[in-house]
Number of protein chains: 2
Amino acid sequence: MDSAVVLLSGGLDSSTCLYYAKDKHETIYTVAFEYGQRHKIELMASEKISKLAGAKKHFQIPVGLDKIGGSALTDNLEVPKGGKDLDKEDFIPVTYVPARNLVFLSLAAGVAEVTQSSYLYIGANALDYSGYPDCREDFLQAFEKTVQLATKHGREGKKLVIKAPLLHKSKSEIAKLASDLNLPLEYTWSCYDPVKRGNTFFPCGECDSCLLRKRGFEEAGIKDPIWEKGFFAK
Amino acid sequence: MDSAVVLLSGGLDSSTCLYYAKDKHETIYTVAFEYGQRHKIELMASEKISKLAGAKKHFQIPVGLDKIGGSALTDNLEVPKGGKDLDKEDFIPVTYVPARNLVFLSLAAGVAEVTQSSYLYIGANALDYSGYPDCREDFLQAFEKTVQLATKHGREGKKLVIKAPLLHKSKSEIAKLASDLNLPLEYTWSCYDPVKRGNTFFPCGECDSCLLRKRGFEEAGIKDPIWEKGFFAK
């Protein structure tokens with residue numbers, strides 16, 4: 001039995017990560033978090049992509065990161081626009097959520113234990129988010145060791161391998177990989193500040209996350225259908 | 001500025017840990033988790049004890065461990081009674097919640113970052129729960145290293161020290177310490193299967209957690225008021 005858990009936010013990176021993992025393992029479980037994010041579209045995207053990828057079960061786990069605060073993604077702070085912080089090195093933007101990947105990986109390790117999975121995938125990326133401490137290799141390695149000691153399975157000698165296949169890829173390489181893997185891009189969601197027209201949500205095109213995605217696809221020379229099609233509310 | 005975060009479930013161990021920590025630091029923050037546990041009394045106990053200890057803020061963070069399952073504390077499984085598993089070495093009981101302390105410590109690390117705290121206390125105990133992998137010293141040490149790499153503060157060189165002052169104490173030593181620290185025992189809650197009489201909750205006296213607590217106080221020769229007074233619903 002070979003199964004893997006994939007952290008799936010519904011964004012481009014985690015969805016690409018899922019499509020990368022799904023052909024490598026017999027069974028896939030996906031995990032999304034309801035963490036008080038201001039927009040629920042990513043939860044809808046996550047559920048949809050999980051279904052399209054044929055995951056055996058999609059876990060949607062509530063976790064009150066908004067009770068901790070300290071981030072523009074959960075608090076009522078303004079989301080950065082215009083991309084002026086995009087290329088700063090080692091800069092931690094206001095969209096950083098304290099200990100987020102640590103919390104997400106920990107909950108996913110619980111899912112891995114219950115589903116008896118040996119692999120845990122995360123779409124972390126060290127290039128585009130150089131300032132996020134929890135998107136770096138040394139953190140992921142330390143976490144793998146910690147989880148070995150934290151769980152019943154780990155103590156019994158079963159290893160949970162943390163996989164971060166996008167860690168050293170640029171956004172354009174990720175766009176290229178997503179396209180090669182036939183990821184249905186119109187169901188992935190990256191924008192921090194969506195605009196609704198009729199029943200359809202469109203990305204704002206101006207937040208840092210939109211700008212990164214746009215630039216990646218442009219550099220890869222690939223068309224991203226999200227700008228024309230948008231994302232259906234139901 | 002010297003502040004500490006204390007994980008506070010409202011049970012005897014974490015409450016003793018809080019009373020131990022509160023005289024050592026200028027400011028104390030407490031954290032409790034609403035994790036789908038079957039009984040809410042421990043959340044009431046936690047809030048009450050936090051107030052009595054003079055904590056600056058009590059964080060109650062929802063986290064859906066019940067969505068992961070795999071434990072008698074969140075699922076509809078029978079809670080063990082009669083104590084037949086109590087002294088088994090390296091035995092993991094059905095009350096084990098997958099990756100629980102890993103998840104709790106991760107969220108508390110987020111609270112520590114936001115509150116700029118340098119210490120994180122956990123009432124983990126390696127003796128009474130020898131089978132719980134996440135109540136052991138090697139796990140706590142590995143976690144401390146991981147958190148250093150996971151957070152903005154850690155990357156800036158600020159250390160978060162994990163403290164587990166009860167790790168190697170027996171239940172009777174904890175009872176003695178609680179009594180020495182004037183912990184209001186009637187507001188701490190340990191029972192997995194409470195009984196309500198009028199407005200007051202009483203511990204069942206038969207679940208493993210009750211039996212451990214009872215034995216600890218008997219061995220220490222200290223009276224535990226919870227058996228007579230119970231715990232008020234409001």
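Across the interface of chain A and chain B, the rule finds two salt bridges, a salt bridge being a side-chain nitrogen of Lys or Arg within 4 Å of a carboxyl oxygen of Asp or Glu. In one of them A:Arg155 pairs with B:Asp138, and the closest N and O atoms are 2.9 Å apart. This is a predicted model, in which local features need pLDDT of at least 70 and side-chain atom pairs count only at pLDDT 80 or more, while totals for chains, interfaces and linings use all residues; side-chain values use heavy atoms, with hydrogens and water left out. Residues are numbered from 1 along each chain as its sequence is written, and chains are lettered from A in the order in which they are written.

Ten residue pairs are in polar contact between chain A and chain B, both residues at pLDDT 80 or more; such a contact is a pair of N or O atoms within 3.5 Å, where within protein one must be able to donate a hydrogen and the other to accept it, and residues adjacent in sequence count only if both atoms are side-chain atoms.

On the side of chain A that touches chain B, the elements giving two or more residues are β3 (57–62), α3 (65–68), α4 (100–114), α5 (137–150) and α6 (152–155), these being DSSP runs numbered from the N terminus, with helices (H or I) of at least four residues and strands (E) of at least two. The largest share, nine residues, comes from α4(A).

As for extent, 38 residues of chain A are in contact with 38 residues of chain B, contact meaning heavy atoms within 4.5 Å.

Turning to symmetry, a rotation of 180 degrees with 0.0 Å of shift along its axis superposes chain A on chain B, with an RMSD of 0.0 Å (least squares on the C-alpha atoms of residues with pLDDT of at least 70 in both). The two copies are therefore related as by a two-fold rotation axis, and in chain A the C-alpha nearest that axis belongs to A:Val63, 2.1 Å from it.
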